[in-house]
Amino acid sequence: MLDPVPRPASGLAVRCTRALFSPWSRLSLLVALLASAAAAVVAYEPQRLLSAGWPPQLSGAAAVVMFGVAYGVCTAAFVPRPLLNLAAGALFGAQAGLVSAIAGTVLGAGIAFTLGRVLGQDALRPLLKGRLLTAADGQLSRHGFRSMLAIRLFPGVPFAAANYCAAVSRMGYLPFLLATGLGSIPNTAAYVVAGSQASSPTSPAFLVAMGFIVLTGAAAAAVAWRKRHGLRGKSAADDCAPDTAPDPCAPEAVPVSSASSASSAA
């Protein structure tokens, strides 16, 4: 008799590898990373830069570069950008602070987009079945640059949420990063200027910057209100519309004229 062929031992390793790199395993890793980042922010409190200042041993261009890198990592860890923008202006002034803040914004957006694309897209895309989710995904996928530019220009959508939503869509890296860099300039500049003039809150530059922040916030709230009521009205109209689709199981209707002709002929 022939001896049974032994089952290859690599089968278990293959199954373990597939389970380890499955979409839900990668999504679990993303959730763990984000939770760890949020816990680190709570523990280390990077917003203390506003009161404690930058370490004195770092100065000049090296300090600007280091702050930009730290800015990007902090935004990926859910640190609010307005605080970081104010810190950039207070530490480095309007010009150098703006350069560092914009570079950090693009870096943080790229980090979040990469994490969401690699670890979360495959698991989350099958869940996009609702009407609003499908519409948002289609808008970001087909008109990525234009949609992301509008999101960055009008504050209101959280920075991290926009990054991860864009990562789940089919938007490309280049349109996402370009729209983020260009669209973030006006609002970031306003916060940086406000931070650089925080010691003189009655100065014209500080007042203009704060006025711009208030106006853009009000405009974003108005646009969001209109969009919300428009979508609600559209949804109600769709629900009230009669269903005109024919029932495939219903018997075929006979025209009245044909039925009358048939009865008279009989």
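**Exercise 1.** Which residues form a nonpolar patch on the surface, and what accessible area do they have together?

*Solution.* The model examined here is a predicted one.
Step 1. The patch is formed by Phe-145, Leu-174, Leu-178, Leu-182 and Ile-185.
Step 2. Together, these residues have about 460 Å² of accessible area.
Step 3. Helix H9 gives the most to the patch, namely three residues.
Step 4. Leu-182 belongs to helix H9. Its relative accessibility is 49%, and Leu-182 therefore counts as partly exposed, since exposed requires over 50%.

**Exercise 2.** Determine how the rings of Phe-67 and Phe-92 are arranged, and which parts of the chain they tie together.

*Solution.* A pair of aromatic rings is described by the distance of the centres and the angle of the planes.
Step 1. The structure contains four aromatic pairs.
Step 2. For Phe-67 and Phe-92, the ring centres lie 5.4 Å apart and the planes stand at 70°. Planes over 60 degrees apart count as edge-to-face, so the pair of Phe-67 and Phe-92 is edge-to-face.
Step 3. Phe-67 is located in helix H4 (residues 60-76) and Phe-92 in helix H5 (residues 81-124); the pair therefore ties together parts that are 25 residues apart in sequence.
Step 4. Phe-67 and Phe-92 are both buried.
Step 5. Ring pairs also join Phe-67, Tyr-71 and Phe-92 into a cluster.

**Exercise 3.** Classify the ring pair of Phe-113 and Tyr-173, and state whether each residue is buried or partly exposed.

*Solution.* 
Step 1. The two ring centres are 4.8 Å apart and the planes are at 75°, so the pair of Phe-113 and Tyr-173 is edge-to-face.
Step 2. This pair links distant parts of the chain: Phe-113 lies in helix H5 and Tyr-173 in helix H9 (residues 173-183), 60 residues apart.
Step 3. Phe-113 has a relative accessible area of 0% and is therefore buried.
Step 4. Tyr-173 has a relative accessible area of 35% and is therefore partly exposed.

**Exercise 4.** Over the ring of which residue does the charged end of Arg-81 sit?

*Solution.* The charged end of Arg-81 sits over the ring of Phe-159, at 5.0 Å from the centre of that ring.

**Exercise 5.** Identify the buried residues of helix H7 and explain how they are placed around the axis.

*Solution.* 
Step 1. In helix H7 (residues 144-153), the buried residues are Gly-144, Ser-147, Met-148 and Arg-152.
Step 2. These residues cover an arc of only 130° around the axis, which means that they are on the same side of H7.
Step 3. An α-helix has 3.6 residues a turn, so residues three or four places apart point the same way.

Definitions and conventions:
Residues are numbered from 1 along each chain as its sequence is written. This is a predicted model: local features need pLDDT of at least 70, side-chain atom pairs count only at pLDDT 80 or more; totals for chains, interfaces and linings use all residues. Side-chain values use heavy atoms; hydrogens and water are left out. Rings of Phe, Tyr and Trp (its six-membered ring) pair if their centres lie within 6.5 Å; planes under 30 degrees apart count as stacked, over 60 as edge-to-face and the rest as tilted. Helices (H or I, at least four residues) and strands (E, at least two) are DSSP runs, numbered from the N terminus. Buried means under 20% relative accessible area, exposed over 50%, partly exposed in between (1.4 Å probe, protein chains only). A charge sits over a ring if NZ of Lys or CZ of Arg is within 6 Å of the ring centre and within 35 degrees of the ring normal. Patches are made of residues with over 30% relative accessible area and no salt bridge: like charges are joined within 9 Å, nonpolar side chains (Val, Leu, Ile, Met, Phe, Trp, Tyr) within 5 Å. Accessible areas come from the Shrake-Rupley method with a 1.4 Å probe; for residues, only the protein chains shown count as cover. A salt bridge is a side-chain nitrogen of Lys or Arg within 4 Å of a carboxyl oxygen of Asp or Glu. The arc is that of the directions from the helix axis to the C-beta atoms.
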